[in-house]
Amino acid sequence: MSKFKDAGHLVRLAIAFAVVFLVFLLIRAHFIPKSFGQYGHYRGNALVELSSKPISYAGHQACEDCHGDVVSMKTAGKHTGVNCEACHGALAKHVENPASVTPQLPDTALLCLPCHEANIAKPKNFPQVVSAEHSGGAVCKSCHQPHSPLLQPGETQS
Amino acid sequence: MITRRKLLVLLPAAAAAWEYVMAGTPESALGYNRDQHWWGMLLNIDKCIGCGSCVRACANENDVPEGYFRTWMERYHVSDWHQEVPQVDSPNGGKNGFPPSEAQGGKNFFVPKMCNHCVDSPCTQVCPVGATFHTPDSVVLVDESYCLGCRYCIQACPYGCRFLHPISRTAQKCSLCYHRITRGLTTACCENCPTGARQLADLKNPDDPIHEFLKTHSVQVLKPHLATGAKAFYYDLDGSVR
C-alpha cells in the first residue's frame, strides 16, 4: 500500500487551524482585562474603582470632632439618635474645607414634617402631630429647639 | 548553564515581564481587608416612620437619577379581612415622604426596600460578561465599565432592585455604599435614618451589635423560599410583604 499521497493537504489544514487558534488566543489576551478572574468571574480592579468613589456624607463622627457643643445638647435630648447630616444635608466638602461650603440652616417648617406629621402607618409610639392643628401656623422652631426638642414642663418657648 | 552575560540579559527581561504581570493587580484599599467582612443590613420595620430620608440620602450619595431608586419606601395597608392582598403605595419611591393615608383601620406600616445583597444572587448568575458579581466581602456590585446593558440582571432580580441608568445605559443597583463601608463609614441611608430603622451589619465582626440582635429577635428575609441567601434582615416583617 502506497503512502497517502495527499498528506500535504492535512498539514496545511492543521497549520491553518493552529494560526487561527493562535490569533484567537492573542485577541483574547488583549481584550480580557488583566485583573479579570482575580477574585471570581469579574474584573478585580472594579472593586478598587468602586471603593475609591468620593463620598458626599461625611458621617456624624466627622461633625462631632468639631461641633462638640451641639453633640452635648443633642445627647441630652430626644434627637440624640438623629445624625447631623439627616437634617443639615451632605457636608463632606464642608469637612474637607470648612470655609468652602457653609451649611444652610434648615427651614423647620419643612424639615420636621416628613418625620412628625401624623400618619396612620407610622409606629404608634413615635411622636406625631397634625401640623395644622398643632401649631396654628407657627414654625416648629418657635417652640422647639431642634437639637433637643422636648419642651420642659411649663416651658412654651426655647 | 547561566553565564554572567545571560543573567544580565535575563534580569531586566524578567523585571519587565513581572511589571507586565503586576500591571493589572489592584492595590487593596488602605487598612481594609475584604476577607474580614461579610456585609448585610438590618431593617427594623417597627422603627421605620416613612420619612424618606434614606431615599434622599441614597440619591444624593450615589447620583441616582430622578425617578429611579436604589432604595425606596413602600407603605402597606393590610385590610382586616383580606391579608393576602395588601394595598401598597410608594409615591416617587417615598423620596418626599408619604401623604396622609386614606385607608382606615387594618394594619399599616412602612417597608424600606433595597438590594438584599444575596449570597447566591440570581442577578450575578445571569450576567453574560461578568459585569455584576458577588465580592469577597459579600456585596453585590456592578462594574459599569464592563456592563453591556443587556438587562438580563434586571429581569433576574426577584426583588426588583435593579434599573437601567437612562444615560449610561448600564445596570445600576444599591452598592451598599461600597465606597463608604470600605472607608469605615456606614451607608448613606443608615447615616441619615433618624430612627435607626436601618443598620449596616458586618456579620464577620464579632463585636457588631447585629449578632446580639439576631440571637434575641426573630428576623426574616424577603422571599425566603427562593433561597437567594438574602442579607437584608427584616425585623417585625408582616407576612403580607412581598
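**Cysteines, salt bridges and domains in a predicted model**

A search of the whole structure, a predicted model, finds zero disulfides over all chains; a disulfide is a pair of cysteine sulfur atoms within 2.5 Å. The sulfur of B:Cys48 lies 6.5 Å from the closest cysteine sulfur, in B:Cys54, which is too far for a bond. B:Cys150 is also in no disulfide, and the nearest cysteine sulfur, in B:Cys127, is 6.2 Å away. B:Cys48 is buried at 7% relative accessible area, while B:Cys150 is partly exposed at 38% (buried, under 20%; exposed, over 50%; partly exposed, in between; 1.4 Å probe, protein chains only).

This is a predicted model, with local features needing pLDDT of at least 70, side-chain atom pairs counting only at pLDDT 80 or more, and totals for chains, interfaces and linings using all residues. Side-chain values use heavy atoms, without hydrogens and water.

Eight salt bridges occur over all chains (a side-chain nitrogen of Lys or Arg within 4 Å of a carboxyl oxygen of Asp or Glu). B:Arg180 and B:Glu61 form one, at 3.3 Å, N to O. Both residues are buried. Another joins B:Arg242 to B:Glu84 at 3.1 Å. These two residues are 158 apart in the chain. B:Arg242 is partly exposed at 45%; B:Glu84 is exposed at 55%. B:Asp238 and B:Lys107 meet at 2.2 Å and are 131 residues apart. B:Asp238 is buried at 15%, and B:Lys107 is partly exposed at 42%. Salt bridges with shared partners join A:Arg43, A:Glu49 and B:Asp143 into one network.

Chain A is divided into domain 1 (2-51) and domain 2 (60-142), with bounds from an automatic or database domain assignment. Their centres, taken over C-alpha atoms, are 59 Å apart.

Note on methods:
Residues numbered from 1 in each chain as written. Chains lettered and ligands numbered in written order. Helix = DSSP H or I, 4+ residues; strand = E, 2+ residues; numbered from the N terminus.
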